[in-house]
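Subject: Handing over the multi-chain model

Hi,

Here is the structure I promised to pass on.

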Amino acid sequence: MKAFIRKQRYLIDFTLSSLLRRPGKNLGLLVVYSLIVFLLASVMLFTHALRSEARLVLADSPEIILQRMVAGRHDLIPGSYLEKMGRIRGVIGKHGRLWGYFYDPAVQANYTLMVPRDRQLAEDEAVIGAAIARTRGVSRGDFLTFRSTDGNAYSFRVSAILASDSELVSADLILVSEQRFRTFFGIPEGYYTDLVLNVRNPKELRKVAEKLTLRLPDTRPILRDEILRTYDAIFNWRQGIVFVLLTGTILAFVIFAWDKASGLSAEERREIGILKAIGWETSDVIRMKFWEGAIISLSAFLLGYLTAYGHVFYANAGLFEPVLKGWSVLYPEFRLTPFIDGLQLATLFFFTVFPYTVATIVPIWRAAITDPDTVMR
Amino acid sequence: MEPIQLHQVKKAFNQGRPNEFWAIRGVDLTIQPHRATVLKGPSGSGKTTLLSMIGCLSRPTSGRITRGEQLLSGLPERFMTEIRRRTFGFIFQQFNLIKGLSVLENVMLPAYPLGPDHAQLSRSALELLHQFGLGTKAESRVEWLSGGEAQRTAICRALINDPEILIADEPTANLDSRLSREFMAIVDGLKQTGKTILLTSHDPVVFDSPVVDRVVEMSDGQIMDPSCC
Amino acid sequence: MLLNPAILALSIVSFVVACMMLLATGFGLQVVRHWDIGSGSELQLTMERRTYLISTLVAFSFMAELVALLLFIYNAEQISSQFVGAMCATGVLNVDPYGWPTLYLKIAIFFSGAVWLTLNHVDNKARDYPLVRVKYGLLLLILPLVIAELVLQTRYFLGMDPDIITSCCGSLFTPEGQGVAAELSGVEPGTAMLLLTVSGAAALLTGGWYLFQRKSGIAFAVTSLTTFLIALLAIVSCVALYIYEHPHHHCPFCILKEGHDFMGYYLYIPLFIATAMALGAGAIAPLRNITSLKEIIPAESRQLIGVSMLFMLLFYLVAAYAILGSNLTMVEVWW
Amino acid sequence: MKTLLSALLLLLATGLFAQPLELPPPGPRDTCPVCGMFVAKYPEWVATVLYKNGHAHHFDGAKDLFKYLHDLPKWAPGHDPKDITAIGVTEYYGLTRIDAHDAWYVIGSDILGPMGHELVPLETKEDAEEFLQDHGGRQILRFDQISAPLLKKLDQGQFD
């Protein structure tokens, strides 16, 4: 047993020095290998982080949003609909919401204006998101002035800046009072942007939605789960596209690995011949090559994964932001929450190391059966 | 120690194909222990092929090679290797050192698959290097060695597993006559310690040397004067 | 059809392993046909070199299958929340009729792989390779298992429909039910413990006997296999109850859950390793009469049996820990 | 007549609306005594039996709760039914926990619990009737109507 372990140590030792002796070839392999891991890991980490971000965003949103549709378009909904729908079992709360988008030409960004339910604001007061404070360079007590659609300018005194765990939720948010909201956007009293319903039991959501469409035929209920699922589907779909593209890459990599493993240089062939002539056995060579594969795989995996981690969580996934994301322009400081999942890591490991190993078995064996007497000829 | 005996050993290459070629055509030979034997002949006479079969590097197509009771031919490669690395030490014509590794590492290489204790292994390797005047070169890369140093490194490597039989293929082909004579002096020393020496050569410095006990002349895959055996 | 990365990975492993085993068996058959150890021909040399490829392929397949077995269970455990009625791997395996056979095949492949690798290891130590024909013939028996597993597993995954209401372990592993699982659960815990103790003692005794006397390696394999089966029975009928601290929960899979500290893995992994090595030792025991193996088999068997006994002891220690560390007291109920 | 009266009395005593119960929530490692499942993963279904000494058993559905109550010696040896101070089930529409004796149970609906077909607990008769309508339920049951054979049939998806 002791001799066996010592032997493995000698083999690893030799492998390391033999890898270092051929930096060109092995560096190329390592770079390509790491790149594959990097791409796959980036996609996985990024979509996963986005998904959990979306979940976080939606966690506090109501179970059902009811919108009135006029000619197939979202319209203001009368508050009287709250009574009109009557009592629906499973609904434990309902109210109207006021919110809208405002384009700020000064910084060329869209804000979300909203009337909060959990706090009372004075008419000229506003609570703003951190990103707005940053881009407009305002802090507490400063004034923000916006020109409304009717041409009048309205000033808001910034009374607080929203702190949030996830910037996605609140970055572009401006909370204003109800009166100011109505005058600013010209929304008549008694009308809301949409209605929201709270349903305790998620199993009852579909039934509630069904009843709503029967009782208020000109409305459209949107379930939170549906939004979540849409997000999931979009992310999955985009991830799918990227993966399909990457499958080609993996295949190319497998061929590349096969080629690298089988295309031994004359120098390497001579080396294996020498080793065999001076007393190494075929299985020793196979084992040595196996260690070589393991070392390359592990370092490529580590390298690729760490770069991907940095890419996604510190460099904002700069490489595929345009492909996978579609948020508004107002997220200069957008940070995804770092997250590592064991099963995900294992899956990634499998999808990169397993193909490499399979691809190299036959070439390794071919190299290992070199005739020991080649060095004599 | 028992002699190595060859009975009707034949070796073919590309058997069954149009370019079939018989390199060895029936050799009977006995190699006595503790002696220096030289296989002499022009290139293409089959002496290297014969040497590689005796050294368990390759297998005869037919015939038997035995050492006492033990059969050396007809064994699977795995066991030929096992016998080879304990019984034979090889010195090749091109020295066949592995570039990029240090002299010490090159000498230790044959012992790796046996998994010996590392400290002990490097100690005995260093001892050998000192013995052959290479003590100061232990850490230098083999590319920087002169021809004679390279050959002495190769000799140390051949001796690291303490084999009973030393095999050298054209050992003086890449040496000038001074180094060739030095090599024969080393061979003499090794013979004194009880090693069996088996050489191939067509260099008179080798086969005319007083160290050599016996010269076997080969031609065309056969031994020229069978009576001598 | 349910597609997640783990299922994809399992399918790929099975497919690749089937391909590799096909290749290995194909080469193996050629070797069997043309093998002539006495010949020095180039063909024989090629054959011998092929054996390295075959053993590498089989060893790699075996490793992959071992990981796949763990992943299969782990994944079934993970996705149990996606099926109504499933609370652990049992429910997921019940989703369609191919779940259980797939699991059994995976276990069978694990054990036959262990036996094959042991034979191969022993054979590689003997100068005349006396087992060449035996072991490559054996590949012919393992290949159908691997292919069947690929087919069944594919059908199993294809048949996974989240709308299916499956039955959970609570309804399968219950003494009142029908079938093998119910029978196992119905065994009196006292009886199971007694059987477990007796068979474990028998295995350790025969193992010890071999270590000192070099005799009856087969007896050890038989007692170990019996212990393996009885251990599974005892887990269902008794040990699991202590882990759940629940007098009627007989499931052999819920113990793999995080909530139960992954105790199942600590029980099953030593048990499976011990059994695999014991089977290996049993497989080589009858070959001790082959001249070239005379010296090798006792040495190898000794190692295998020693390690196997260590793992078996480990299993018994974990089981004892599970029982003694539990808050469940069943003294008046069972004994 | 006598049964009608007692039924009426029972109705009056318990009232049409069951009162929310104060019960300890299940911990992350609490398992159902009947099926062994971790309960906290299914907050919509939790049922609880509280004992005098503050000790509680949690279930992942009313079905397992009733199995338990029907065979206490089997599922909870050493526990005396007299020590039970409260039995709660999670009401479907509001997810509040109410007294199991006062709840109305619908079987045969398309709403499945973690253990398949369930007894869905509802707060009022009206709730139960609407639920039956909405979800294709087959029967409305009261606490005392739930028998062991009925539970067994429920497991197999039979509701009559």
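Below are the conventions, then what I found, interface by interface.

This is a predicted model, so to speak of local features we ask for pLDDT of at least 70, and side-chain atom pairs count only at pLDDT 80 or more, while totals for chains, interfaces and linings use all residues. Residues are numbered from 1 along each chain as its sequence is written, chains are lettered from A and ligands numbered from 1 in the order in which they are written, and side-chain values use heavy atoms, with hydrogens and water left out.

**Inside chain C**

Chain C splits into domain 1 (1-163) and domain 2 (168-335); the bounds come from an automatic or database domain assignment. Taken over C-alpha atoms, the centres of these two domains of chain C are 24 Å apart. On the domain 1 side, 28 residues are in contact with 28 residues of domain 2 of chain C, where contact means heavy atoms within 4.5 Å.

The size of an interface is often given as the accessible area lost when the parts come together. Domain 1 and domain 2 of chain C bury about 2,300 Å² between them, with 81% of it on carbon and sulfur atoms. (Buried area is the accessible area, with a 1.4 Å probe, that two parts lose on being put together, summed over both.) C:M87, C:F111 and C:V122 supply 23% of what domain 1 of chain C buries against domain 2, more than any other three residues.

There are two salt bridges between the two domains of chain C, a salt bridge being a side-chain nitrogen of Lys or Arg within 4 Å of a carboxyl oxygen of Asp or Glu. The side chains of C:E77 and C:K257 meet in a salt bridge at 3.0 Å, N to O. As for which elements build the domain 1 side, those giving two or more residues are α2 (42-78), α3 (89-93) and α4 (99-123) of chain C; helices here are DSSP runs (H or I, at least four residues), numbered from the N terminus. Of these, α4(C) gives the most, with 11 residues. By class, that side of domain 1 of chain C has 19 nonpolar, six polar and three charged residues. (Ala, Val, Leu, Ile, Met, Phe, Trp, Tyr, Cys and Pro count as nonpolar, Asp, Glu, Lys and Arg as charged, and the others, Gly among them, as polar.)

**Chain D against chain C**

Here the contact takes 19 residues from chain D and 15 from chain C. The two chains bury about 1,400 Å², of which carbon and sulfur atoms give 61%. In chain D, D:R29, D:F38 and D:K74 lose the most area to chain C, together 32% of what that side buries. D:R29 also forms a salt bridge with C:D261, the closest N and O atoms being 3.3 Å apart, and the count across this interface is one salt bridge. The chain D side has 11 nonpolar, five polar and three charged residues.

**Chain A and the overall arrangement**

Watch residues 326-333 of chain A, where pLDDT stays under 50. Chain A has domain 1 (9-58 + 232-376) and domain 2 (63-222), and their C-alpha centres lie 48 Å apart.

Chain B and chain D have no contact, and their closest C-alpha atoms lie 50 Å apart.

Cheers

Note on methods:
pLDDT is the predictor's confidence in each residue, from 0 to 100.
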